[in-house]
Amino acid sequence: MTVRVVERPARTLAVQIYFIEAWKGLGVTFRHFFVNMFRHAARALGLKGWAPGAVTIQYPEEPAVLGARARTRHRLLKRDDGAPRCTACLLCETICPARCIRITAENAPDVLVEKRAKSFDIDLGMCVFCGYCVEACPVDAIHMDSNEVEIASYSRADMIWTMPQLLGDEPKRPSSFP
Amino acid sequence: MGKLVKYRLNGREVEAEEGRLVIDAAKDAGVEIAHYCYHPALGNPGNCRLCVVEVAGAPKPMPSCRLPVKEGLDVRTDTDAVKRAQAGVLELHLVNHPLDCPVCDQSGECGLQDYYMKVGRYPSRAREDKEHKGKRIEAGPHVMLDQERCILCTRCTRFVDQVTKTHELGIFSRGHQERVEVAPGMTLDNAYSGNVVDICPVGALTDRDFRYKVRVWYLDHADSICPGCSRGCGISVHTSTKRPWHNEGRRVARLKPRWSEVNGHWMCDDGRYGFANLDTDRLGKVLRLRPERVELSWVDMAEELAGRLDGVKVVASGMLSNEDWAAFKALFVDTLTVQDLYFSAEPDQIGAEDDLLRKKEKVPNLKGAEALGLKSGSFDRLAEDLEAGKVRCLYVIERDLAKVWGEARARALLTQVPLLVFQGPNKGALGDLAHYRLPATAYVEEEGCFTNFEGNRRPYRKALEPIGCARPDWEIFKLLQEARS
């Protein structure tokens, strides 16, 4: 991903006196209002297929459009040799405000890696998707870019994702209705 | 005590003993000076150069651990020159440090982390490759050595040279290859080896038992007394209870020595790792096991049992606190007029002794019973009486008789007792033979005092909540006594 540097807009007098900017904002609101109204009116007049109904997305028939930086279900990353990157430093568990991460550590076979996670569970039922775990990680082992938001299940226990599931080694089977 | 002199510390006039080191005198006056190599019990080689201070009249900053206080000395610890010097020294200490804090067990209580935040805060200028040395070296049964993290303060080598005099560790090679190593053909397996972990200001020496169990910032601390022998060393109990999946589910994570005049800065490995069985087979319910297993309330138990205790013989141990012994005396000696008490240290509670800390009796508080005038009978006599069927009722308190007589013999002796009461924190090998089984708190779950072999009172605090409905021994004795009257 290339990084585009955006200049912070200058706080000119026009911005600071508030009224101009407030009316610009309302302009956006009214534009959406009139565009939607026009399209609905067109559909009501039988012009189907000429324009989409409104800005509403027909989820789940149409896939959800996620922002490029949306925080979605976590995934754990691997080293080049296939071992999990996680060194079980427990910084993500420590920073987690929802206390949804549970890690236990063990000696890693590679002496230069030293430490690795024995188990790494995330209880997505408790997660608040703040993304602090990603920021705290010193070895870039956890990302929230799986683009998966459909993680609901029928039981609380099923909301817990284990390390192989987060690594993508083992599929997380959706639970059936009890 | 030497002559008191006046000197100036950061512009303030302070009094201190003449000849006292400035680093100590400043600490007494409330000014902490950063340092690594200096340790009050191990001397001041002055090799870390972090404790530098500015002295009026001296051309360069001086190490405060080598500087004795004298009349009119003008010391400053807060000038820019001092801060620059300390940051520079720290930068050099960290040149070859691997900065592997995420996997290092020391992080959270590391001298490098603490002092970087306090006196460092410089942007890194290191561009060269780091020097690599040995990692994850098993220096001994309890200690893991990582040479890369070492800053060569020599505290550990001074400990094995001066305190234990066993000389297992040394500094080898020179220059950037200089490193701490276990002496050829030796292992760091002396009886006090765990102390090098405590004095190591960085993560070079870490505890193998504690390794990767729990991060130090999750631990709670409580001041306690080691129950491992009659020395009564001051310890700090570090517990992990907030996140039960850490530390393999055990509540006590480690024991650390706490400075006191009895033990100084140290504790022995027997005491340090003696908590392993603290939570195994814990009792948490008041039970009548025979004729049938029934769970009782404390009050029901006391009412049932109190009337049946006449002619009881009592086995206890030096694990009881002074408070327990007082209630013990009130119940068994004053109320029940029991003649036959057995609590002396038998082979099960006798172990190694040395000149440094360890004492022969491996229980903390036989002195407390002695102070109350209690006298222990001989366990051999008790065994004879049990064999002859002369014991109608036996009350066993915090003692595993399987360890005194051997399991087979103890089992044979105890099965024929008409009424056997067992009271203690752990079930032990013979807990199932009891008619009544009463859960008592372990020493980490109660407050109290031990009296050590010198007669010093050693108070300890509560570190954990009791398991189940366990109560301190003195409360159980008091309940029984109240039910009697």
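What follows is a close look at one helix of chain B, and then at the rest of the model.

Reply: Happy to! Please keep in mind that this is a predicted model. Let's settle on helix α8 of chain B, which covers residues 322-335.

This helix has 14 residues, and the distance from its first C-alpha to its last is 18 Å. The axis is not straight throughout: α8(B) has a kink of about 30°, centred on Lys329(B). After the helix comes Thr337(B), with a positive phi near 45°.

Which residues of α8(B) are buried? They are Asn322(B), Asp324(B), Trp325(B), Ala327(B), Phe328(B), Leu331(B) and Phe332(B).

Now let's step back to the chain around the helix. Chain B holds 13 helices and 22 strands, and its C-alpha trace spans about 85 × 50 × 40 Å along the principal axes. Of its 485 residues, 44% are buried. Among the contacts in chain B with a separation of 6 or more, 67% are between residues 24 or more positions apart.

For a look at another part of chain B, go to strands β1 (residues 4-9) and β2 (residues 12-17), which run antiparallel and are joined by six bridges. Tyr7(B) sits opposite Val14(B) of β2(B). Two residues lie between the strands of this hairpin, and Asn10(B) in the turn has a positive phi of about 50°.

Finally, chain B has a partner. Eight residues of chain B and 16 residues of chain A make up the contact between them. On the chain B side, five of the residues are nonpolar and three are charged, with no polar ones. Chain A itself is assigned two domains, domain 1 (1-62) and domain 2 (75-167). The centres of these domains of chain A, taken over C-alpha atoms, are 38 Å apart.

Technical notes
Residues numbered from 1 in each chain as written. Chains lettered and ligands numbered in written order. Predicted model: local features only at pLDDT ≥ 70, side-chain atom pairs only at ≥ 80, totals over all residues. Contact = placed C-beta atoms within 7 Å. Nonpolar A, V, L, I, M, F, W, Y, C, P; charged D, E, K, R; others polar. Helix = DSSP H or I, 4+ residues; strand = E, 2+ residues; numbered from the N terminus. Expected span 1.5 Å × (residues − 1). Bend = angle between axes of the 7 residues up to and from the residue. Buried ≥ 20, exposed ≤ 12 C-beta atoms within 10 Å, placed from the backbone. Domains from an automatic or database assignment. Pairing = 2+ DSSP bridges.
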